[in-house]
Amino acid sequence: MELEYGGRRYPVAAGGLVIGSGPDASLSVHAPAVRPRHALVRLLKPGMAVVTAEEPGAEILVNGSRLGPDPTPLMHGDKLVIGGAQIAVSDPDRAGATRIVGAVPPPPGTPKARLVSLADGREYPVEDVPFVIGRDATSHLVVESDLVSRRHAEILRGPGGDSLLDLSGNGVWVNGRRITAPVLLREGDLVRIGETEFRYHLPEAGAAPAGAGYRLGDTIVGLQAVRRPPPMPEPAPAAAAEPLATLLVKRGQRKGERIPVRSPVVNIGRGEFNDIALPDASISANHVKLQLKEGIWVLTDLGSTNGSRVDGEAVQGDIALSPGVQITLGEVLLLFEPRDRGLKRVDTTAAIVQPSLPGAEATSRRTILILALAGVLLLAGFLLLR
Amino acid sequence: MRISCAGNTDVGVVRSGNEDSFLLNCAGGLFIVADGMGGHAAGEVASEMAVQIVSTELGSLRGLSDAEAASRMRSAIRKANAAIFDRTLAEHDKRGMGTTATVMVLFSRRYLIGQVGDSRAYLLREGDLLQLTKDHSYVQEQVDAGLLTPEQARTHPYSNVITRCVGANEDVAPDIYFGNLERGDVVLLASDGLTGMLEDQQLATIMSAEENPETCVNKMIADANRRGGLDNITAIVIRVDDVEAQNTGEMPAAKSA
């Protein structure tokens with residue numbers, strides 16, 4: 001990890017790096033509000049650093065948010081502001097500095113998107129996400145104009161593709177229309193930032209669309225069981241419906257909030273395009289997927305930078321969630337509370353994947369018989385005890 | 001109605017056998033795409049049975065009212081269902097076989113579609129692509145119920161689960177769709193090996209750009225293979241050249257086509 005300030009680079013050494021106005025600060029910032037030892041940046045592991053205020057009241061902003069007393073993770077592309085001075089966080093491994101790596105094929109299913117400037121024809125590959133467009137020199141794509149904000153727009157990557165998010169005062173146009181919400185970018189879309197136009201391209205013959213592998217796996221017939229949600233009380237909007245589960249935020253920006261999980265698959269991450277967006281710097285744009293699979297809630301880490309833990313255990317691959325477990329995403333702590341009704345619905349969900357073969361019915365009848373027998377025995381035992 | 005049409009099927013890049021079957025009867029105005037399932041070549045058997053039985057049972061729809069034509073379509077697909085289901089009971093290695101069926105008949109200036117499963121019919125009219133059929137799939141039902149977004153549905157692990165199938169149960173209820181055709185319309189029938197690999201917008205681009213149905217079909221199949229060809233790919237493209245002329249497409253398949 002490195003910090004960039006005033007055109008210089010400051011590597012974060014194992015012992016940490018002090019930012020301040022004093023003599024023992026490795027990165028000197030001279031401004032009225034800056035303390036001699038203002039902030040300490042420590043390296044936790046390669047690619048991950050945290051910043052803490054060295055004195056109470058020493059103000060630090062990360063990407064515009066004022067920090068509390070807890071150590072805050074810093075990631076590539078983050079911007080620290082101390083006493084009005086802007087310091088960019090960069091990870092040389094991710095910043096495109098030349099390095100020699102073994103020949104690794106690009107992961108399948110990630111078509112290479114790019115923006116092409118219609119002013120000068122330059123191409124900007126959209127690789128790191130969030131891909132920042134703005135006036136600031138550390139943006140991935142720098143657009144110099146008074147009409148352009150320092151951090152004007154971001155491209156975020158979701159399962160459905162790249163979406164464009166307007167962060168500016170003056171607006172972003174896609175195909176001639178000003179966007180008011182994140183917009184999914186399509187091949188050939190025209191993006192206007194300030195007075196400059198860019199064409200968004202995805203390679204013509206790219207990879208299979210996301211999910212094609214699932215869809216085109218062996219087709220399975222399920223029982224025809226239409227799982228409509230139970231009739232809702234009149235024009236009650238979705239918000240009024242009972243959620244399948246809730247996530248109680250115990251630590252993090254939305255602390256104290258109970259976030260409803262309303263569908264059997266939700267993506268959680270920092271990006272606005274997620275079903276549940278957690279605006280916390282320690283959370284990756286795509287962090288985890290929470291999913292009800294055959295009656296069991298399953299959490300999958302989507303390759304997040306800071307990882308995920310369930311009751312302290314690191315999530316590798318899929319992990320099943322019991323009611324009441326604590327989920328840690330980066331620095332955010334969530335309490336997982338599934339709802340009974342959700343679990344009931346699970347049973348019907350699970351039923352669809354049972355093949356509707358002629359033998360299936362007989363099996364379930366046998367199960368009912370065994371259950372009935374068990375019930376009778378229990379009742380007999382109960383009466384005997386009395 | 002005067003139409004030009006073309007169809008083709010391709011094994012794809014990943015699969016070893018082709019379980020899709022299709023029927024292209026341009027003169028009779030009858031088109032079927034069936035995507036079979038079930039191991040040990042049973043899928044091929046199911047999709048081929050569906051195509052043959054449905055085309056034979058439909059006969060001519062000339063002079064029938066919409067309701068009568070719909071009822072004929074239903075009973076043709078149900079007959080195919082019964083025949084396939086009987087074989088799954090009788091032959092051990094055919095257990096679990098079944099097929100999708102998207103059946104389109106053109107008559108007068110109209111189309112009639114019988115639909116079971118997740119093969120699809122699309123209509124391109126004045127540059128807009130409209131999906132005429134709705135998939136009988138788990139994810140589609142979840143989308144309808146508001147529990148999944150269409151984007152989530154595309155990437156859902158259960159997106160290969162269909163909820164209606166010809167031959168899997170004693171009986172089946174096909175969906176029936178009617179509509180009018182106009183000059184310049186382009187219709188696409190396709191198995192999920194095509195629609196799973198190419199997004200709707202990509203289909204629309206090819207259908208708008210390629211005048212000739214045959215080059216259109218070949219380009220779609222080539223593109224699906226270039227993106228990975230994960231499943232068998234079948235496509236039928238029908239272009240409506242004129243709705244007033246009376247030479248073709250008037251009369252659906254004669255019996256035993």
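**Reading the strands of chain A**

Student: A:L164 stands opposite A:V183, a residue of β20(A). In which sense do β17 and β20 of chain A pair?

Tutor: This is a predicted model, in which local features need pLDDT of at least 70 and side-chain atom pairs count only at pLDDT 80 or more, while totals for chains, interfaces and linings use all residues. Residues are numbered from 1 along each chain as its sequence is written, with chains lettered from A and ligands numbered from 1 in the order in which they are written. Strands are DSSP runs of E, at least two residues, and helices are runs of H or I, at least four, numbered from the N terminus; two strands pair if DSSP finds at least two bridges between them. Here β17 (residues 161–166) and β20(A) pair in the antiparallel sense, over two bridges.

Student: What is the strand order of the open sheet of five strands?

Tutor: The order in chain A is β15-β14-β16-β17-β20, with mixed pairing. β15 (141–142) and β20 (183–184) each have a single partner strand, so one side of each lacks a neighbour in the sheet.

Student: How many bridges join β30 to β33 in chain A?

Tutor: Three bridges join β30 (residues 308–310) to β33 (residues 326–329), and the two run antiparallel; A:S308 lies opposite A:L329 of β33(A). β33(A) also pairs with β34 (residues 332–338) of chain A, antiparallel over four bridges, where A:T328 has A:L333 as its bridge partner. Two residues separate the strands of this hairpin, and A:G330 takes a positive phi near 55°.

Student: How many helices and strands does chain A have?

Tutor: Chain A has three helices and 34 strands.
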